[in-house]
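Subject: Structure for your files

Dear colleague,

Here is the structure I said I would pass on. My notes on it follow below.

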Amino acid sequence: LDNFCKTKFLTDHQCWFSLHAGGQYEYILVEKRGEKSDVGFIQLNRPKALNALCEGLMRELRQALDVFEADGEVGAIVITGSDRAFAAGADIKEMQNKTFQECYRTDFLAHWNRVSQSKKPVIAAVNGFALGGGCELAMMCDIIYAGEKAQFGQPEILLGTIPGAGGTQRLTRAVGKSLAMEMVLTGDRINAQDAKQSAFEMTLAEGNHFEKRLFHATFATGDQKEGMTAFVEKRKASFQDS
Ligand code: CO8
């Protein structure tokens, strides 16, 4: 992104418009909104996959955040999805066949934290499914506004894995230990009313690091392979505790 703008000698503002007009983004829609064009608006736009967070989408999200952060006109950033889905989680088809070694060596999905590192306030406007990584993405934002149709959940257990982007940590702080454990251990979802609880703000580095290692370790199990394969093959998983 930097190179793109630098080679064209663009200012941040021009860079943004150039990217926008040039359709550089495949998985997100990006524009500046508000009377003063001071709201950076990012819409996840992968409708056929319910905004599943594939590598490409997350890369573009980081790029858009970089552009808005560097843009002096922008005061706050909004991340949203569609009525049907904020995001249905990390892309299961993309990670289905990863090995433990690969996850560990590449520190799989480590860069997802970018959203929580934004220097400008980030608001998640959530409707529809906010599941797994989608729920975690929403919780990385500073404020969550949830619509009537919002459904939050951490269904990783149904895939033979665990939350890997802060779910075990941020959810606990957002809805309390009891409900968080219930959600993580059953995969059950909650709606906006249930989720309306106290705010959270933590650094969470240690907890997140520990969680990431355990998340990676699930890729060494047969149950993760079975859970994700079953999802892709549209059948119920048959877990063997392996
Ligand atoms: N990944 C890939 N594709 C997906 C995903 C996903 N997470 N969710 C939905 N899709 C796809 C489906 O495969 C389907 O595509 P196709 O038509 O090509 O088969 C399309 O989106 C529509 O989905 P459905 O037909 O299943 O739609 P339904 O309305 O019947 O169901 C659900 C909607 C309930 C949302 C269902 O799609 C579902 O259960 N999705 C999976 C939800 C899930 O398990 N999310 C967690 C993923 S794991 C995760 O996020 C781990 C995060 C770890 C982060 C670590 C960071 C360091």
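**Ligand site**

A backbone N or O atom of glycine 133 lies 2.8 Å from an oxygen atom of the ligand. Please keep in mind that this is a predicted model. Lysine 234 also reaches the ligand: an N or O atom in the side chain of lysine 234 is 2.7 Å from a ligand oxygen. The ligand taken alone exposes 1100 Å², and the protein buries 77% of that. In total 29 residues surround the ligand, and the closest are Arg84, Ala90, Gly133, Gly164 and Lys234.

**Helices**

Gly133 is also part of helix α6 (residues 133-140), where eight of eight residues are buried. Among them are Cys135, Glu136 and Leu137.

Helix α3 covers residues 55-70, and its 16 residues should span 22 Å at 1.5 Å a residue; the end C-alpha atoms are 23 Å apart, which agrees. Buried residues in α3 include Leu57, Leu61, Ala64, Phe68 and Glu69.

**Salt bridges**

The count comes to twelve salt bridges. In one of them, the side chains of glutamate 69 and arginine 114 meet at 3.1 Å, N to O. This pair links distant parts of the chain, with glutamate 69 in helix α3 and arginine 114 in the loop between α5 (100-105) and β5 (122-126), 45 residues apart. Both glutamate 69 and arginine 114 are buried.

A salt bridge also joins the side chains of lysine 149 and aspartate 83, at 3.4 Å, N to O. Lysine 149 is in the loop between β7 (143-146) and β8 (151-153), and aspartate 83 is in the loop between β3 (76-80) and β4 (85-87), so the pair ties together parts that are 66 residues apart in sequence.

Glutamate 102 and lysine 98 meet through their side chains at 3.8 Å, N to O, in another salt bridge. Glutamate 102 counts as partly exposed because its relative accessibility is 29%, while lysine 98, at 18%, counts as buried. Elsewhere, salt bridges that share partners join Asp66, Glu69, Arg114 and Lys119 into one network.

**Surface**

A nonpolar patch on the surface is formed by Ile157, Leu158, Met181 and Leu185, with about 370 Å² of accessible area together. Leucine 185 is in helix α8 (residues 177-186). Its relative accessibility is 54%, so leucine 185 counts as exposed.

Regards

Conventions: Residues numbered from 1 in each chain as written. Predicted model: local features only at pLDDT ≥ 70, side-chain atom pairs only at ≥ 80, totals over all residues. Heavy atoms only, no water. Patch = residues over 30% accessible without salt bridge, like charges linked within 9 Å, V, L, I, M, F, W, Y side chains within 5 Å. Areas by Shrake-Rupley, 256 points an atom, 1.4 Å probe, with all protein chains shown as cover. Salt bridge = Lys/Arg side-chain N within 4 Å of Asp/Glu carboxyl O. Helix = DSSP H or I, 4+ residues; strand = E, 2+ residues; numbered from the N terminus. Buried < 20%, exposed > 50% of the residue type's maximum accessible area, 1.4 Å probe, protein only. Near = heavy atom within 4 Å. Polar contact = N/O pair within 3.5 Å; in protein donor to acceptor, adjacent residues only side chain to side chain. Expected span 1.5 Å × (residues − 1).
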